[in-house]
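Good morning, colleagues. Please look at the model on the screen while I describe its sheet, its helices and the surroundings of its ligand.

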Amino acid sequence: MIYIGTDLVEVDRINALIEKWADRFLMRIFTSDEIAYCQRQVRPVIHFAGRFAAKEAVKKALYSSGWPDPIPFRRIQVRRDRNGAPVVRLEGIDEFPRVSISHTTQYAVATAIVESR
Ligand SMILES: CC(C)(COP(=O)(O)OP(=O)(O)OC[C@H]1O[C@@H](n2cnc3c(N)ncnc32)[C@H](O)[C@@H]1OP(=O)(O)O)[C@@H](O)C(=O)NCCC(=O)NCCS
């Protein structure tokens, strides 16, 4: 069976959270590799928003597949392959959710797919 999750994020909302909580927010949600990648970009908040949406989309797909436990944001790691496509790993777990991310200056959206065995 295949399960899907999607999430839409307002970039301004992520910007407000970063302005209010700074590193506390970033380090609760993102891995150090994700933070480093986003901070190298011209407008980091857009890429943080994309990764935030990706993590929410993965949670939705996993919860709809019957996943029993809460999943901390940082456990969902969004990396990039050599073409720039997002690749997700779940720390300590053999699940391989597939994710697609898109963003504008205003919104970021992500879709995730999980296949149950
Ligand atoms: C992939 C591509 C269509 C993305 O178009 P885009 O309009 O810039 O994408 P959006 O702005 O909507 O979304 C950006 C997100 O797309 C995702 N993305 C980037 N490259 C990607 C790729 N090759 N495949 C899938 N997703 C990709 C990333 O998650 C990116 O967000 P991030 O930079 O925060 O990680 C475009 O960059 C492209 O054609 N690249 C060619 C690279 C390539 O794959 N070459 C090898 C095969 S010929």
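Which residue in E5 is the bridge partner of glycine 5? The bridge partner is alanine 112. Before going further, I note that this is a predicted model, in which local features need pLDDT of at least 70, side-chain atom pairs count only at pLDDT 80 or more, and totals for chains, interfaces and linings use all residues. Residues are numbered from 1 along each chain as its sequence is written.

Strands E1 (2–10) and E5 (residues 107–115) run antiparallel and are joined by nine bridges. The open sheet has three strands, in the order E1-E5-E4, with antiparallel pairing; two strands pair if DSSP finds at least two bridges between them. E1 and E4 are the edge strands, each pairing on one side only.

Next, the helices. Helix H1 (residues 11–21) lies across E1 and E5, at about 70° to E1. H4 packs on the sheet and touches E1, E4 and E5, its direction making about 150° with that of E1. Contact requires C-beta atoms, placed from the backbone, within 7 Å; axes are lines fitted to C-alpha atoms, for helices over the stretch in contact, with angles from 0 to 180 degrees between N-to-C directions.

Finally, the ligand. Among the residues around the ligand are His47, Arg80, Asn83 and His103, where near means a C-beta atom, placed from the backbone, within 6 Å. E4 gives the most to this shell, with three residues.

Terms used:
Helices (H or I, at least four residues) and strands (E, at least two) are DSSP runs, numbered from the N terminus. Two residues are in contact if their C-beta atoms, placed from the backbone, lie within 7 Å.
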